[in-house]
Amino acid sequence: MRSGKLDFYSAPRGWFPWKPAADGNFHWIYLGNKKFDEPFFEETIHRRLSLEENSSFRENRSSAASLVSASQNVNAAEPAAFIFHVSRCGSTLLSQLLSEDPANIVLPEVPLFDDLLLRMHEKKNFGDISAEQLLTASIKLMCAKKNPEENSAFIKLDSWHIFHYAVLRKLYPRTPFVFLYRHPAEVIRSHARQAGMQMIPGLLPSSLTGIELTEEMLTNHRFYAGKMLERFFECFLRAKETDGNFFSADYADGIENAAFHLLRQCGAEPAAGLKERFTSRLLFHSKRPGEKFAAESSETGIDGFSERAAGLYEKVRATRDIYQRPLFS
């Protein structure tokens with residue numbers, strides 16, 4: 001139980017930066033020592049809001065400068081890889097499988113990173129502290145080791161973070177990046193059932209996506225989704241031309257293969273018994289772990305909204321390069 005005012009310059013154990021406050025400071029939240037193993041980081045946050053330590057969250061604030069200072073005092077795992085993806089392509093399952101290894105810290109789509117990346121795009125800083133400084137400091141704080149076993153951190157980004165590739169590569173020049181993708185017809189079909197925010201016209205700025213909205217996009221979301229997938233694939237292909245540390249993995253080749261080979265690609269030897277844990281986890285839905293998994297249709301018929309995206313998908317598929325050995329060889 002907490003007593004007295006916390007000193008966020010010293011990164012108190014179990015506390016993490018949460019979100020910017022209206023006055024330019026940052027809210028912190030107590031998450032304790034529990035492994036971050038929910039499908040999305042927002043779930044980790046919401047399930048711990050009721051803890052007594054979070055009962056007065058307005059008081060749990062620090063300046064941007066103290067957040068950066070706090071990151072210098074934390075024992076953190078180094079990022080082993082950043083995971084980019086096109087959405088609805090198994091990225092949540094990939095992060096869930098990586099979480100099965102006790103040596104891994106997995107950060108699945110941290111909302112604070114969204115805020116800071118958009119600040120970078122808009123060239124908005126926090127006084128004398130840049131959004132870039134805050135992002136690297138926040139990542140380090142989120143990767144704080146909760147036990148001696150943890151030695152690698154995997155950061156799963158949002159799908160639209162591919163548009164921030166250049167700044168992320170500048171901040172992490174030697175960290176492996178992986179791009180997870182799926183046939184565009186399957187991705188569009190999934191979003192037609194329940195659209196993610198990145199596939200809703202206007203929710204992301206055109207200055208970021210490079211997509212100028214048209215009347216057709218506003219009235220036909222499938223058309224807009226196809227354009228968004230084109231941009232995702234284009235961004236990866238452009239980066240791949242010069243980045244020898246940016247790998248690709250196709251949903252069609254098996255997410256368990258992607259997880260296993262990503263560990264090997266990052267120089268991590270999979271933990272004993274990991275194959276069995278993977279097999280058990282694959283029986284359940286990636287986003288709803290208590291629900292048995294039922295495979296979706298793999299039909300990939302092309303329509304006018306994904307034809308060009310399908311061509312780009314084939315170009316990306318030709319670059320996939322993390323499947324050098326059989327699974328668990």
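This is a predicted model: local features need pLDDT of at least 70, side-chain atom pairs count only at pLDDT 80 or more; totals for chains, interfaces and linings use all residues.
Residues are numbered from 1 along each chain as its sequence is written, and side-chain values use heavy atoms, with hydrogens and water left out.

Let us start with the sheet. Helices (H or I, at least four residues) and strands (E, at least two) are DSSP runs, numbered from the N terminus. Three strands make an open sheet in the order β1-β2-β3, with antiparallel pairing; two strands pair if DSSP finds at least two bridges between them. At the edges are β1 (15-20) and β3 (61-62), each of which pairs on one side only. Strand β2 (residues 26-30) is joined to β3 by two bridges, and Phe 26 stands opposite Ser 62 in β3.

Next come the helices on this sheet. Helix α4 (residues 111-121) lies across β1 and β2, running at about 45° to β1. Helix α5 also packs on the sheet, where α5 touches β1 and β2, and its direction makes about 145° with that of β1. Axes here are lines fitted to C-alpha atoms, for helices over the stretch in contact, and angles run from 0 to 180 degrees between N-to-C directions.

Helix α5 (residues 131-142) has another partner: α2 (residues 64-71) packs with α5 at an angle of about 45°, their axes 8 Å apart. That angle makes α2 oblique to α5 (under 35 degrees counts as roughly parallel, over 145 as roughly antiparallel, 65 to 115 as roughly perpendicular and the rest as oblique). On the α2 side, Ala 64, Leu 67, Val 68, Ala 70 and Ser 71 meet residues of α5, including Leu 134, Ala 137 and Leu 141; contact means heavy atoms within 4.5 Å.

Finally, back to the loops. Lys 123 has a positive phi of about 55° although it is not a glycine, and at 73% relative accessibility Lys 123 counts as exposed. Arg 88, in the loop between β4 (78-85) and α3 (91-99), is not a glycine either, yet has a positive phi of about 50°. At 22% relative accessibility, Arg 88 counts as partly exposed (buried means under 20% relative accessible area, exposed over 50%, partly exposed in between, with a 1.4 Å probe and protein chains only).
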